[in-house]
Amino acid sequence: MVSDTITIPKTQKAQLTCKFGLETELTEIPVPEPKDDELLLHLLYSGVCHSDVSIMKNAIPMPMPLTLPFAAGHEGAGIVVKIGKEVTGFKEGDRVGVTVVNRSCQTCEYCKRTGAEAFCDTPTHLTTGKWGTFQEYITVSALYAHKIPDGVDLAKAAPTQCAGWTIYRALKETNTRPGQFVAINGAGGGLGSFGLQFAKAMGLRAIAIDFGQAKHDHCLRQGAEFFIDAQTQNVVEEMLKVTNGCGPHGVINVAPSAKPLEDALLYVRKTGTIVIIGLPDDAKFTLDTNLMVFKGVTIKGNLLGSREDLDEVLQFMARGLIDIPIEIMGLSELPNAIKRLDNCQVNGRIVLDTSK
Ligand SMILES: [Zn+2]
Ligand SMILES: [Zn+2]
């Protein structure tokens, strides 16, 4: 029996943010007990997201307050090792993903509205509501535990829980159809890599915007039809050139600065949609409302997606259509991973192996 072979230690390692900034402290902390409606997971892998960097620096105003110390990290994958007594549908040994949303109320307007549960009035989010995935064990409400299909690698499944989920929903929010153009600003990172692969799998024509030869090669490998270098090319001119003078039907903004958004309004196709999902440290940009009106452009923000979206993401992976490159580092190497992300030196996604 699986339960005979699982030994749960009393303590575990966690990377704690004890003061705001990029440094963390590898600390021994207790392994939590699952509540009646929760699972205890042995977290084997955790992705590292650019939002972790911003949160650790306290650079973005969070809807819920941050209290020090905390473990950041909000996309993980692991094995169920203990089950709360009210939980049904899970067994020890199940492979499960962990998202930033650990709990939602199920009773507010947004929880009741199809597809809007990420906007719950009183959610429990990792990092703010409870410690995140930069640790070896975590409890998760069964409602937000997503079973990972057989054949999907756990290390690769971890980044689906924020990056893959978020950009998959953002692509839907652009309302683009197969054969249409979608541009992704900041396409070379974790979200962008997923976005390029999903776009291709959905029959969309993806245009990647990022900078440098390494990102160029990376984005084309992920399925981008065109690459525009934001440092050496005029993005607006190039974008119009590759879209027959009309611009892309949809734009997803992941890039952590204002200029890419201001450019997007210039090059987006008339009646097109710009979806903002990046959380830059400096979140202000100048909006030309006249241009927005004359072009009939929709600009909208989006947070994560629905639980159904996440299941769909995992099915894309199970079918072999999505396989983003990951770089595995040890949990102990987190400070180095964070510094590289802060300097935009990561292609694809860094995933932490919590055993190292
Ligand atoms: Zn994230
Ligand atoms: Zn709610």
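Student: Why is Cys-246 called partly exposed?
Tutor: The relative accessible area of Cys-246 is 37%. Buried means under 20%, exposed means over 50%, and partly exposed covers what lies in between (1.4 Å probe, protein chains only). The value of 37% falls in that middle range, so Cys-246 counts as partly exposed. Cys-18, at 32%, is partly exposed as well.

Student: What kind of model do these values come from?
Tutor: This is a predicted model, in which local features need pLDDT of at least 70 and side-chain atom pairs count only at pLDDT 80 or more, while totals for chains, interfaces and linings use all residues. Residues are numbered from 1 along each chain as its sequence is written, chains are lettered from A and ligands numbered from 1 in the order in which they are written, and side-chain values use heavy atoms, with hydrogens and water left out.

Student: How do you know that the structure has 0 disulfides?
Tutor: A disulfide is a pair of cysteine sulfur atoms within 2.5 Å. The search of the whole structure finds 0 disulfides.

Student: Which residues coordinate the zinc ion (ligand 2)?
Tutor: Its donors are the SG atoms of Cys-105, Cys-108, Cys-111 and Cys-120, at 2.3 to 2.4 Å. Donors are N, O and S atoms within 2.8 Å of the metal (3.2 Å for Na, K and Ca); water is not among the atoms, so sites may look incomplete. The spacing of these residues in sequence is C-x2-C-x2-C-x8-C. Cys-105 lies in the loop between strand E6 (101-103) and helix H3 (109-112), and Cys-120 in the loop between H3 and strand E7 (124-125), so the pair ties together parts that are 15 residues apart in sequence. Helices (H or I, at least four residues) and strands (E, at least two) are DSSP runs, numbered from the N terminus.

Student: Why is the site of the zinc ion (ligand 2) called tetrahedral?
Tutor: Four donors count as tetrahedral if all angles lie between 85 and 135 degrees; four count as square planar and six as octahedral if opposite donors are over 155 degrees apart and all others between 65 and 115, and anything else is irregular. The angles among the 4 donor atoms are 102 to 119 degrees, so the site is tetrahedral.

Student: Are Cys-105 and Cys-120 buried or partly exposed?
Tutor: Cys-105 has a relative accessible area of 25% and is partly exposed, whereas Cys-120, at 7%, is buried.

Student: What makes Cys-49 and Cys-162 a link between parts of the chain?
Tutor: The zinc ion (ligand 1) is coordinated by Cys-49 (SG), His-74 (NE2) and Cys-162 (SG), at 2.0 to 2.2 Å. Cys-49 lies in the loop between strand E3 (38-48) and helix H2 (50-56), and Cys-162 in the loop between helix H4 (154-157) and helix H5 (163-173), so the pair ties together parts that are 113 residues apart in sequence. Cys-49 is buried at 2% relative accessibility, and Cys-162 is buried at 7%.

Student: Why is the chain called as compact as a globular protein of its length?
Tutor: The chain has 12 helices and 17 strands. Its radius of gyration is 20 Å, close to the 21 Å that the globule rule gives for 356 residues, so the chain is as compact as a globular protein of that length. The radius is taken over C-alpha atoms, and the rule is 2.2 Å times the number of residues to the power 0.38. Buried residues make up 55% of the 356 residues.
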